[in-house]
Amino acid sequence: MLQFKDIITPVDFIVTEETTLKEAITLMYRKKWNLLPVTDSSKHPVGVFTRSSLHQMVTEETSLTTPIKNYIKKQVEKISVNTPYGKIEELVKNSKVGTGVVVDEDNRVVGILTKTDMVMSLLQTSQELQTITKLKRTLETAIDHAFDGIVMADERKVITMVSPPLLELFNLPVEEVLYKPAAKALPHLQLENVYETEAADVSGFLEINGIKYIVHRIPIVEEGKVIGAIGKVIFRQLNEVSELFKKLQKAENKANFYHQQYQQAETAKFTWDQILSVDPSMEKLKKSGAKVAKGRSTVLIRGESGTGKELFAHAIHKSSARSNGKFIVVNCAAIPEDLLESEFFGYEDGAFTGARPKGKLGKFDLANGGTLFLDEIGDMSLGLQAKLLRVLQEREFYRVGGTVKINVDVRIIAATNRNLEEMVKDGLFREDLYYRLNVISLNIPPLRQRQFDIDHLFGQFMIEFNQILGTSISGMETRAREALLDYDWPGNVRELRNVMERAMTFSESGKIKYEDLPDYLLKQVPIKEPDLNVSMVENAELEAIKKALVQVQGNKVQAARLLGISRSGLYEKIKKYKLG
């Protein structure tokens, strides 16, 4: 009969209070474990070092050579190696953690028990169970409570069991996976490989929606023949350990890293493809911007704060004939008034008290042959406006304290969220400079006028922040999504990005919930009780309409044709589901 000692993962190393942070990171990364048992010299347990302990040390910027003793959790819930097998099943089913420490009769650490160990042991000893019904029920219980994803296939390479965490990770309904060929339902796992090799293997780091995971493929062999396969998908907190190695590598190349950052600060970083949108008006605007980029004319980009004006400026430079030149950014609202002139035009030796002995190049010097992006142009003083106008007209300037004219070839892209026409009327902005800047104008619509983009950006930011934060968020609950769609977004895309980062940070499950959203936002949207009577048909209908509208870029006539319904019928459903 199956013994408890047969299903544990043995501990083949010793971790003590004097083990260093670097050694602990290396062990956790190599073993893919969520905790390390800490023992004394006789292998008696003194505590555990968990991934949260590790994260705390890194957050506190602890040296890699620091011993882990001050971060060990002293209270250890131990499991005796003689614990009855039936009790182990119950422990695994009810436990909220994925790993336990196992000790022998002399209180010495001999291994750890994971929920996955339990699942594997059930498979390997299925012949010992009295009936197929009992086997199936026990396996399903263990799989449903497994910490990571598990999938099993039979001798025909057809999936016979799959765990909820795996379905959640890949955002798949169970009916699209269960009893389907593994190669079609889950091709990225490459589970069919082990039928040919007859050997277990482990993948490298893979990624979906910004969530890193690895796949452990295990063949089930009987009398020399593969009769099935198991796929173990590990993805919980893998990002944390991976990021620690990246941090160590960055620390070792610190000087080179800062040099690269400096270079990037003077180079356009965004292309048209990185301006995320499925809205027809935005797609049209991007095409106009790409055409504008090929010329030499001054461009004025207008729009509310947070709509992406700087991204458009980057993309224009990146797709222009000046793309090999510098892209210099000046925020006219962020530089003190008394420093603006020297920032723009530079200064000569001794131009004023505190000046550098050899003088300084200004932004126009640095942007020569490239592009100068003037953000918040509406905040520039009238005096500096006059000097800027002269440079635009004559393509030359004097440095502060200088007497020699400096010729310059710079393309100007300006941006503002202010009403320049009203400022001209009020005498706050020069009329001649306004017309000089407003040669070509691009107006970016606010996010509240781009309903399809809100949904689109949810998914894009989810992928981005899963990578940055090391989270495993795979979606958003309906009530939270409705709240975000009902919100007015005065801060536009920038505000949406910040809200998503906060929600994913606070989320304690695989999906963003209503209560994960900031209070200020929830106070500004109408309170709705969740509709428990919405049928599966309505949910499917909503998703079909959304996909059709995205596919035809918002064209309702084409969407109605694609869905096989009348245009008036489509308008009624759009109103019903509040899609625009």
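Trainee: Is Trp489 buried or exposed?

Mentor: This is a predicted model, where local features need pLDDT of at least 70, side-chain atom pairs count only at pLDDT 80 or more, and totals for chains, interfaces and linings use all residues. Residues are numbered from 1 along each chain as its sequence is written, and side-chain values use heavy atoms, with hydrogens and water left out. Buried means under 20% relative accessible area, exposed over 50%, and partly exposed in between, with a 1.4 Å probe and protein chains only. Trp489 has 0% relative accessibility, so the residue counts as buried.

Trainee: How many aromatic pairs does a search of the whole structure find?

Mentor: Rings of Phe, Tyr and Trp (its six-membered ring) pair if their centres lie within 6.5 Å; planes under 30 degrees apart count as stacked, over 60 as edge-to-face and the rest as tilted. Searching the whole structure gives a total of 13.

Trainee: What kind of pair do Phe327 and Phe373 form?

Mentor: Phe327 and Phe373 are both buried. Their ring centres are 6.2 Å apart and their planes are at 15°, so the pair is stacked.

Trainee: What kind of aromatic pair do Tyr487 and Trp489 form?

Mentor: Tyr487 counts as buried because its relative accessibility is 4%. With 4.7 Å centre to centre and 85° between the planes, the pair of Tyr487 and Trp489 is edge-to-face.

Trainee: Which residues do ring pairs link into a cluster?

Mentor: The cluster is joined by ring pairs. Its members are Phe344, Phe345, Phe364 and Phe397.
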